[in-house]
Amino acid sequence: MRHLLSAADLTVAQAVGILDTAAAMAATQERQIKKLPTLRGRTVVNLFFEDSTRTRISFETAAKRLSADVINFSAKGSSVSKGESLKDTALTLQAMGADAVVVRHPASGAPHTLAHSGWLHGAVLNAGDGTHQHPTQALLDAYTLRRHLVGLRGGVDPTGRTLDGLHVAIVGDVLHSRVARSNVDLLHTLGARVTLVAPPTLVPVGIHAWPCAVSYHLDAVLAERPDAVMMLRVQRERMSGAGGGFFPSALEYSRGYGLDARRLALLEKHAVVMHPGPMNRGLEISADAADGASSVIVEQVANGVAVRMAVLYLLLSGEERRPDDEARVDA
Ligand code: CP
């Protein structure tokens, strides 16, 4: 694996390998001293052309925990605001000796362009591009699902295991969601069954070719007793750009597609509630659901660090060794 551009590019073996490596990384983070020497002397650039809280901070934390040098580049306040092109920005990063570029961009396909243009020699990691892909979000979601539903519930070590047989409902603004697209790809690869739930206006054209079921009725899908319910953010900033009108009112959206206390009570005891963040509390998810005992939303954020450590490690070390191997060599 040279780049991580799309969850759809991952084979079962690669995806399970990343989850297993993330578990090993998470174990190192239980120690008093969390820093590993693994990527000492390597430079990771966080190149963010779009706002982010979780992804940017967690990639930065992951790179620093692996002892990489980290450069944070935000389009705001850079020469991008003076009209500098993606190519010239990339050439500048190459001149700085970037070994890996983590890129978030509003244009679908921008990470692919960076990876295949020849402007950069290092690895490119997609941190979310337009409405296309967000592969590390899907990986951290899969990691969280595996920990809760394969490992703990089954009382077994989840290492080496897929998500075979799980049913995951993904609910909300599928049309604008790179999280939904990435999760459908990865969950399908890992053997889970996915049902997308959305109002007809928020279902993308061509969805019936995706490897998942589609429903317009949340209560009917909850009656199927899914193992996990992943709520999606209503992306109002993308809707206003398109002139709005995707649903009549916030209240009607909540009544039809929000996860509230009544719907929460319909879930199986073992089922988990997920959300990639940022959340619109009171719109797609109520406080009862976001903060309740079934919620793993904060844990998703924590797991993002271990998953991004694993991805950086696997891409920059070029081989699938345990993180402690190098720590022992360096000691
Ligand atoms: N889940 C996610 O991508 O969050 P941020 O936009 O805060 O990075």
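**Questions on a predicted structure**

Mentor: Lys35 has its place in the loop between α1 and β1 (43–48). The model discussed here is predicted.

Trainee: Is Lys35 buried or exposed?

Mentor: A residue counts as exposed when its relative accessible area is over 50%. The relative accessible area of Lys35 is 52%. Lys35 is therefore classed as exposed.

Trainee: How far apart in space are Lys35 and Ser67, C-alpha to C-alpha?

Mentor: In sequence, 32 residues separate Lys35 and Ser67. Apart from residues up to four places away in sequence, Lys35 touches Lys64, Arg65 and Ser67. From C-alpha to C-alpha, the separation of Lys35 and Ser67 is 6.6 Å.

Trainee: Where does Ser67 lie, and is Ser67 buried or exposed?

Mentor: Ser67 belongs to the loop between α2 (54–65) and β2 (69–74). Residues under 20% relative accessible area count as buried. Ser67 has a relative accessible area of 17%, so it is buried.

Trainee: What is the phi of Ser67?

Mentor: Most residues other than glycine have a negative phi. Ser67 is not a glycine, yet its phi is positive, at about 70°.

Trainee: Which loop holds Arg225, and what is the phi of this residue?

Mentor: The loop between α7 (218–222) and β8 (228–231) contains Arg225. With a relative accessible area of 41%, Arg225 is partly exposed. Although Arg225 is not a glycine, its phi is positive, at about 60°.

Trainee: How many helices and strands does the chain have, and what is its radius of gyration?

Mentor: The chain has 13 helices and 9 strands. For 331 residues the globule rule gives 20 Å, and the chain comes close to this, so it is as compact as a globular protein of that length. Its radius of gyration is 20 Å.

Trainee: What box do the C-alpha atoms of the chain fill?

Mentor: The box is taken along the principal axes. Its dimensions are roughly 55 × 50 × 35 Å.

Trainee: Of the contacts between residues at least 6 apart in sequence, what percentage join residues at least 24 apart?

Mentor: Of the 331 residues, 55% count as buried. Among contacts between residues at least 6 apart in sequence, those joining residues at least 24 apart make up 75%.

Trainee: How far apart are the mean positions of the positive and negative charges?

Mentor: The chain carries 34 positive and 33 negative charges. The separation of their mean positions is 3 Å.

Trainee: How far apart are the end C-alpha atoms of helix α1?

Mentor: Helix α1 covers residues 12–28, and its 17 residues at 1.5 Å a residue should span 24 Å. Its buried residues include Leu19, Ala22 and Met25.

Trainee: Why is α6 described as largely enclosed by the rest of the structure?

Mentor: Helix α6 (residues 178–189) reaches 17 Å from its first C-alpha to its last, close to the expected 16 Å. Among its buried residues are Arg178, Ala180, Asn183 and Leu187. Helix α6 is largely enclosed because the buried residues number 9 of the 12.

Trainee: What is the relative accessibility of Asp173?

Mentor: Asp173 is placed in the loop between β5 (167–171) and α6. Neighbours within four places in sequence aside, its contacts are Leu202, Leu232, Arg233, Val234, Gln235, Met239 and Tyr253. Asp173 counts as buried, since its relative accessibility is 0%.

Trainee: How far apart in space are Asp173 and Leu186?

Mentor: In sequence these residues are 13 apart. Leu186 is one of the buried residues of α6. From C-alpha to C-alpha, Asp173 and Leu186 are separated by 19 Å.

Trainee: Which residues does Leu283 touch, not counting those up to four places away in sequence?

Mentor: Leu283 is located in the loop between β9 (272–274) and α11 (287–291). Its relative accessibility of 6% means that Leu283 counts as buried. The residues it touches are Val234, Arg236, Ala250, Tyr253, Ser254 and Gly258.

Trainee: What separation do the C-alpha atoms of Leu283 and Ala180 have?

Mentor: Along the chain, Leu283 and Ala180 are 103 residues apart. Their C-alpha atoms have a separation of 18 Å.

Trainee: Which residues does the cis peptide bond with omega of about -10° join?

Mentor: Most peptide bonds are trans. Pro278, in the loop between β9 and α11, takes part in a cis peptide bond. With omega of about -10°, this bond joins Gly277 and Pro278.

Definitions and conventions
Residues numbered from 1 in each chain as written. Predicted model: local features only at pLDDT ≥ 70, side-chain atom pairs only at ≥ 80, totals over all residues. Heavy atoms only, no water. Helix = DSSP H or I, 4+ residues; strand = E, 2+ residues; numbered from the N terminus. Rg over C-alpha atoms; globule rule 2.2 N^0.38 Å. Buried < 20%, exposed > 50% of the residue type's maximum accessible area, 1.4 Å probe, protein only. Contact = heavy atoms within 4.5 Å. Lys, Arg positive; Asp, Glu negative; His and termini not counted. Charge placed at Lys NZ, Arg CZ, Asp CG, Glu CD. Expected span 1.5 Å × (residues − 1).
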